[in-house]
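Let's take a walk through a protein together. Have a look at the sequence and the fold first, and then we'll go through the parts.

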Amino acid sequence: MIRTTLVSLASVALAGVISSVHAYDKSTLSSDADWVSAQSERIAPQATGLADNLWNWAEVGYQETRSSAAIQDHLREAGFEIETRVADIPTAFVATYRQGRGGPVIGLLAEMDALPGVSQEAIPEHSPIEGQVAGHACGHHLFGAGSTAAAIMLSRWLEESGTPGEIRLYGTPAEEGGSGKVYMVREGAFEGTDVVLQWHPSDRNAALPRSSLANRSAKFRFKGVASHAAAAPERGRSALDGVEAMNFMVNMLREHVPDSTRIHYVITNGGGAPNVVPADAEVFYYVRDNTAADLEPIWERVEQIARAAAQGTGTGVEWEVIHGNHSLLPNQVLNRLLDASMREFGGIEYSPAEQKFAESLGGLAHRPNHELGDQARIADYNPSEKPSSGSTDVGDVSWNVPTGGFRAATWVPGTSAHTWQAVAAGGTSIGHKGMLLAAETLTLAGIQLLRDPALVAKAQQEFEQKRGDDFNYVPLLGDREPPLDYRK
């Protein structure tokens with residue numbers, strides 16, 4: 001079945017205003033899905049309004065003050081109790097709704113941070129917003145608002161049905177390089193949660209149980225001796241030489257690492273003037289691999305290279321680990337449930353104006369095997385757990401609580417994350433439609449888990465088997481405090 005949603009458009013660029021009228025074929029829906037559909041229509045104006053506010057504010061990691069407060073306000077109004085400043089992070093929170101005693105505890109994740117450097121208007125041509133430095137190029141405004149809508153719908157179902165259970169909505173800041181969830185996991189915020197459901201914006205609809213790459217980053221800071229580069233070069237010790245020597249050796253290392261390894265860097269401080277030998281320089285590294293165990297030996301070699309670079313250039317070096325994420329531990333039980341739930345509602349159908357917008361945007365961000373029209377389909381379920389090329393702090397959650405996830409088409413098919421094209425579509429009714437499909441999928445899956453504790457137990461059994469009896473969770477970012485200023 002394909003979803004058709006009526007949209008109000010101000011122009012070809014799309015107004016981003018979505019009506020609460022859905023043209024579902026009600027006869028094909030189960031009774032639970034029919035209930036979710038009706039609730040989704042009622043909550044759509046509230047959910048899309050919240051998403052649009054987050055899109056407009058575009059607050060970066062650990063600075064999502066208005067975004068976090070707005071999500072909390074929606075949940076508090078719906079009867080949730082809010083715990084704020086979780087893990088000493090000002091924008092992190094846990095919102096809880098309980099009905100009766102006992103029953104499963106279902107967790108939902110809500111991200112909210114934007115990315116710097118990708119400001120964009122909601123139009124199908126590159127047009128940064130004047131005065132705005134960030135944009136929701138990964139769709140976290142839709143992630144946060146969609147999960148909030150699902151949590152509210154699930155709380156209404158608990159109240160109406162009288163079923164015992166608990167909903168926990170986790171407000172998780174700074175996914176983009178800040179590892180907000182890792183600090184929340186480390187502080188025990190997920191203890192007592194039976195399963196976690198999550199989703200992510202994408203250019204297609206799929207509940208594939210893919211893993212992700214483990215990831216660690218650090219800023220390597222070299223310290224040298226300043227001098228006049230022409231008059232007294234022999235007195236100087238260039239910190240930039242240390243950075244460049246490190247980069248050269250790391251690039252040689254690439255020839256001797258597994259195919260799964262990913263290493264990338266940027267020089268964040270290279271000095272101020274060519275005629276001054278730089279006393280300070282900094283390079284920011286990311287290293288990724290399939291699992292934490294695969295990552296560790298590569299990371300140790302990068303650290304050894306940093307020491308060697310400092311020794312060879314007569315400089316000093318120290319480094320600060322900025323973030324670290326475990327790989328994602330898939331859960332087939334939960335992913336199959338999410339896949340079946342999404343299929344109840346079907347894909348997304350564009351209006352004529354949305355189709356025109358999509359056609360104008362499509363060729364600008366083409367991805368192989370991603371075609372316009374994919375938004376109307378649900379990808380076939382594939383049980384392969386092969387890692388994707390990205391990383392996420394959801395990984396740390398998944399090694400502590402059984403976690404299932406999926407993607408919904410909030411972007412035009414062919415669009416890659418972290419592009420201005422993703423920002424543009426995410427600020428329109430195209431993004432709203434994918435978000436509402438995600439909210440409905442989460443809600444329907446949550447209802448089935450609340451109604452059937454045996455299904456929860458089955459997901460937990462798979463989780464324990466995959467994790468193994470000897471597993472010991474160790475955060476890859478160590479015992480450092482949250483880097484609340486990493487985007488400043």
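Before we compare two helices, we need to know what an axis is: a line fitted to the C-alpha atoms, for a helix over the stretch in contact, with angles running from 0 to 180 degrees between N-to-C directions. With that in hand, look at helix H1 (residues 31-57) and helix H3 (residues 140-161): their axes come within 8 Å and cross at roughly 145°. The crossing of H1 past H3 is right-handed.

What does H1 bring to its meeting with H3? Among the H1 residues are Trp35, Val36, Ile43, Leu50 and Trp55, and on the H3 side you'll find, among others, Leu142, Ala149, Ile152 and Trp157. Sorted by class, this contact has 14 nonpolar, five polar and three charged residues.

Now let's step back. This is a predicted model, so how confident was the predictor? The mean pLDDT is 93 for the protein, and 93% of its residues reach 70 or more. Two stretches are another story: pLDDT is below 50 over residues 1-13, a stretch that still has 54 contacts in the model beyond near neighbours in sequence. Residues 16-24 are also below 50, with 40 such contacts.

A compact globule of 488 residues would have a radius of gyration near 23 Å, and the protein has 24 Å, so the two agree.

Next, find the sheet. Four strands form an open sheet in the order E11-E12-E10-E13, and the pairing is antiparallel. Which strands sit at the edges? They are E11 (262-269) and E13 (316-325), each of which pairs on one side only. On average, neighbouring strands here are turned by 20° against each other, ignoring direction.

Zoom in on strand E10 (residues 214-223), which pairs with E13 in the antiparallel sense over nine bridges. One spot to look for is phenylalanine 220, whose bridge partner in E13 is tryptophan 319.

Helix H5 (residues 239-253) touches E10, E11 and strand E12 (280-289), and its direction makes about 20° with that of E12. Helix H6 (residues 292-313) touches E10, E11, E12 and E13, with its direction at about 10° to that of E10.

Notes
Residues numbered from 1 in each chain as written. Predicted model: local features only at pLDDT ≥ 70, side-chain atom pairs only at ≥ 80, totals over all residues. Heavy atoms only, no water. pLDDT = per-residue confidence, 0-100. Contact = heavy atoms within 4.5 Å. Pairing = 2+ DSSP bridges. Helix = DSSP H or I, 4+ residues; strand = E, 2+ residues; numbered from the N terminus. Left-handed = near helix turned anticlockwise from the far one by under 90°. Nonpolar A, V, L, I, M, F, W, Y, C, P; charged D, E, K, R; others polar. Rg over C-alpha atoms; globule rule 2.2 N^0.38 Å.
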